[in-house]
Amino acid sequence: MSLVQLRDQLLASGCGRNDQVLIMISECISEGIDEGPAIVRTLVELGFDRKHVGILLSRHTGFSPARHSWFKDGNGKYRLHPRTDPSE
């Protein structure tokens with residue numbers, strides 16, 4: 001699914017704006033759009049607010065998977081935390 005299709009699907013589903021941005025950022029990172037400026041630029045091109053994207057990108061960055069969605073590696077690239085099974 002392309003980023004445009006994902007955005008359209010999220011809009012149609014009635015998903016809240018914060019959740020839309022968080023899902024879109026995660027998808028960008030998974031697709032290799034993993035530098036802050038490129039993530040923001042991509043989402044702005046898809047119609048999201050630059051400031052909103054930047055705030056959520058920053059707020060959800062950190063090394064605690066329980067509190068953060070992604071982290072920055074030693075090269076300044078964003079990486080998703082590995083998914084864990086909550087039953088483990």
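Let me begin with a term: a residue is called buried when its relative accessible area is under 20%, exposed when over 50%, and partly exposed in between, using a 1.4 Å probe and protein chains only. By that rule C15, at 18% relative accessibility, counts as buried.

The structure before you is a predicted model, in which local features need pLDDT of at least 70, side-chain atom pairs count only at pLDDT 80 or more, and totals for chains, interfaces and linings use all residues. Residues are numbered from 1 along each chain as its sequence is written, and side-chain values use heavy atoms, with hydrogens and water left out.

I shall stay with the cysteines for a moment. A disulfide is a covalent bond between the sulfur atoms of two cysteines. Here the criterion is a pair of cysteine sulfur atoms within 2.5 Å. How many disulfides does the structure hold? The count is zero. C15 takes part in none, the nearest cysteine sulfur being that of C28, 15 Å away. Seen from C28, the closest cysteine sulfur is in C15, and 15 Å is too far for a bond. C28 is itself buried, with a relative accessible area of 0%.

I turn now to the helices, which are DSSP runs of H or I with at least four residues, numbered from the N terminus. Axes are lines fitted to C-alpha atoms over the stretch in contact, and angles run from 0 to 180 degrees between N-to-C directions. Angles under 35 degrees count as roughly parallel, over 145 as roughly antiparallel, 65 to 115 as roughly perpendicular, and the rest as oblique.

Helix α1, residues 3-13, packs with α2 at an angle of about 160°, their axes 10 Å apart. The pair is therefore roughly antiparallel. Contact, meaning heavy atoms within 4.5 Å, joins L3, L6, R7, L10 and L11 of α1 to R17, Q20, I23, M24, E27 and C28 of α2. These residues comprise seven nonpolar, one polar and three charged. In this classification Ala, Val, Leu, Ile, Met, Phe, Trp, Tyr, Cys and Pro are nonpolar, Asp, Glu, Lys and Arg are charged, and the others, Gly among them, are polar.

Is Q20 buried or exposed? Q20 lies in helix α2, residues 17-30, and at 5% relative accessibility it counts as buried. Setting aside neighbours within four places in sequence, Q20 contacts L10, L11, C15 and F48.

Beyond residues up to four places away in sequence, N18 touches H52 and L56. N18 and D49 are 31 residues apart in sequence, and their C-alpha atoms are 11 Å apart in space.

Next comes the pairing of α2 with helix α4, residues 50-59, whose axes come within 10 Å and cross at roughly 70°. That angle makes α2 roughly perpendicular to α4. R17, N18, V21, L22 and I25 of α2 meet H52, V53, L56 and L57 of α4. By class, this contact has six nonpolar, two polar and one charged.

Finally, the axes of helix α3, residues 36-45, and α4 come within 9 Å and cross at roughly 140°. These two helices are therefore oblique to each other. On the α3 side the contact involves G36, I39, V40, L43 and V44, and on the α4 side R50, V53, G54 and L57. This contact is made up of six nonpolar, two polar and one charged residues.
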